Amino acid sequence: MIYLAIIEAYNLTTSAVETLRFCTGPGYIDEVAGDYYEPRIEQPASMRRDIFQDGQIGGAASASYGELTLINADGELDYLTGYAFDGRSLNLKVGEQGAAFSSFTTIIYATIQQAAFEELRISIRLRDRMAELDKPVQPNRYGGTNSLPAGVDGTSELKDAPKPKLFGRVANVTPVLVNSARLIYQVNDGQIENVVNVFDKGTYLARGSDYSNQADMEANAPTAGYYRVWQAGGMFRLGGSPAGLVTCTAWESSAIEDCTAAQIAYDLVIGAGISSGDTYSADRTTLDGQNAGSVGLWVTDGLTVAEALDRVSASVGAWWGFDRLNRFRMARLDAPSGTSVATLTEIEIVSLERQAATVNGTATPVWQVTLGHDPNWTVQTSDSLAGIVPDDRRAWLAAGSRQVKATDSAVKTKHPLAQEVTYETLLAGDNYGDPEASRRLSLLKAERVILTAKVQVDADLLYLLDLGVVVTVQYPRYGLAAGQQFRIIGIETDFAHDQVILSLWG
């Protein structure tokens, strides 16, 4: 195999982006385009990506990139000091020497952090794209420009505070009072489908007709005991001074399919500036088919996009990250099943080690899963509520969420040290907790193992192996002679030796 590197760089002299081409081996010519690839690559760029680390279900995949190094002992590449590389792209392709360029496959498409020049080599250092999501979900702030009784931008006490941002469906949030003279509250910075209920000390207020615009809202107060909603502004107005804390239940959309974990994750990523072309739509479709329940996220602080994605994805047991082609990916961790992308045998496997899989860092199965769902965004003590609030609602308002348990006591017969684990989720509804708790118990009560496999690869096999896919391992050790399916939860490339190191879970 040989590797081709296509590098975009900015020529500081000509003020133009140019394409640089290098390769391993003796050199390569694209016969169709006439492009020459200079034999300079010492070490093709490497990368490592992992999910389910220490048995933690959901959240960001970890990713680290190595360097692509170019041999420059003769100084012939010193001209590259006149180029800027940061933010430009590296496209690393693999194929067979002498094969047509069209047969080469991209195995890494990444963003360059910088080029470092040493006496004997140039190191092209790559950037983890997750850094693009280390920014606040909500950049918008209140200006504090109200001139009471007019305005919805808050007064001086709200200046520079983040405006609330709603995703999906949330219950019992505390909206922001943006106009104290007219009792106008904001629950979302932008359009909202519905403020389903508004509560004063836990008791329901009646709903009046919706406002048509801001002017209508500011000019016309609701009847006492009522609230009215301005959907386009994500606001509502009360008809009289509240007796206690005002909270509400609000929906970004009435359609559940707009409020799933997959859809909210997509909205977060697009809102952070990732283009739709850098996402993988099939992931959204698959995850929606696996868990179509609604999720709710309400942001009133400096929560980053990455942190929000962690919370949303973990709610349905999914991981997220960027793949080797720099695309945003999201998938649920499930037991290996279906059609394997490849079968790994003694021919491909250089070495194979086996260890017990861990859950939350402990190498014993799980006998009980407790799962929190239907989160209560404003915990209220009983003495802060009106006397007419019923006992069942009073109990929920005093808790952070509803909880369900899934248990299998038989696991403790085989494993006296079997674990109890607890997960908090953003699943928004009474009916979504039990199925997810049962699914996680089924996944984690089994006796799981992790194989560490060093695998020799050719171009075709290298293309097939990726994070999350299923492979079959058929090997004369560890009871694998007949073959067993595993899911790839870690992959580290060693392109210099045409090898990958796989972490296999099953």
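User: Rings of Phe, Tyr and Trp (its six-membered ring) pair if their centres lie within 6.5 Å. Which residues do ring pairs link into a cluster?

Analyst: The model is a predicted one, in which local features need pLDDT of at least 70 and side-chain atom pairs pLDDT 80 or more, while totals for chains, interfaces and linings use all residues. Residues are numbered from 1 along each chain as its sequence is written, and side-chain values use heavy atoms, without hydrogens or water. A search of the whole structure gives 12 aromatic pairs. Ring pairs join one cluster made of Tyr28, Tyr37, Phe101 and Phe104.

User: How are the rings of tyrosine 227 and phenylalanine 236 arranged?

Analyst: Both tyrosine 227 and phenylalanine 236 are buried (under 20% relative accessible area; exposed is over 50%, partly exposed in between; 1.4 Å probe, protein chains only). Their ring centres lie 6.0 Å apart and their planes meet at 75°. Planes under 30 degrees apart count as stacked, over 60 as edge-to-face and the rest as tilted, so the pair of tyrosine 227 and phenylalanine 236 is edge-to-face.

User: In S20, which residue is the bridge partner of arginine 207?

Analyst: Strands (E, at least two residues) and helices (H or I, at least four) are DSSP runs numbered from the N terminus. Across from arginine 207, the bridge partner in S20 is tyrosine 227.

User: In the antiparallel open sheet, which strands have a single partner strand?

Analyst: The 5 strands of this sheet are ordered S18-S17-S22-S14-S23. The strands at the edges have one side left without a neighbour in the sheet, because each has a single partner; they are S18 (203–204) and S23 (296–299).

User: Which residue in S18 stands opposite aspartate 200?

Analyst: S17 and S18 are antiparallel to each other and pair over 2 bridges. Opposite aspartate 200, the residue in S18 is threonine 203.

User: How many salt bridges does the count give?

Analyst: A salt bridge is a side-chain nitrogen of Lys or Arg within 4 Å of a carboxyl oxygen of Asp or Glu. Side chains of opposite charge can pair when their charged atoms come close. With this rule, the number of salt bridges is 25.

User: How many residues apart in sequence are the parts that arginine 49 and aspartate 466 tie together?

Analyst: The closest N and O atoms of this salt bridge are 2.7 Å apart. Arginine 49 is buried at 4% relative accessible area, and aspartate 466 is also counted as buried, at 12%. Because arginine 49 sits in strand S6 (residues 47–50) and aspartate 466 in the loop between H8 and strand S32 (470–473), the separation of the parts they tie together is 417 residues.

User: In which helix do arginine 440 and glutamate 436 both lie?

Analyst: These two residues form a salt bridge whose closest N and O atoms are 2.7 Å apart. Arginine 440 counts as buried at 1% relative accessibility, and glutamate 436 is buried at 3%. They are 4 residues apart, about one turn of the helix, and the helix that holds both is H7 (residues 433–444).

Methods. Two strands pair if DSSP finds at least two bridges between them.
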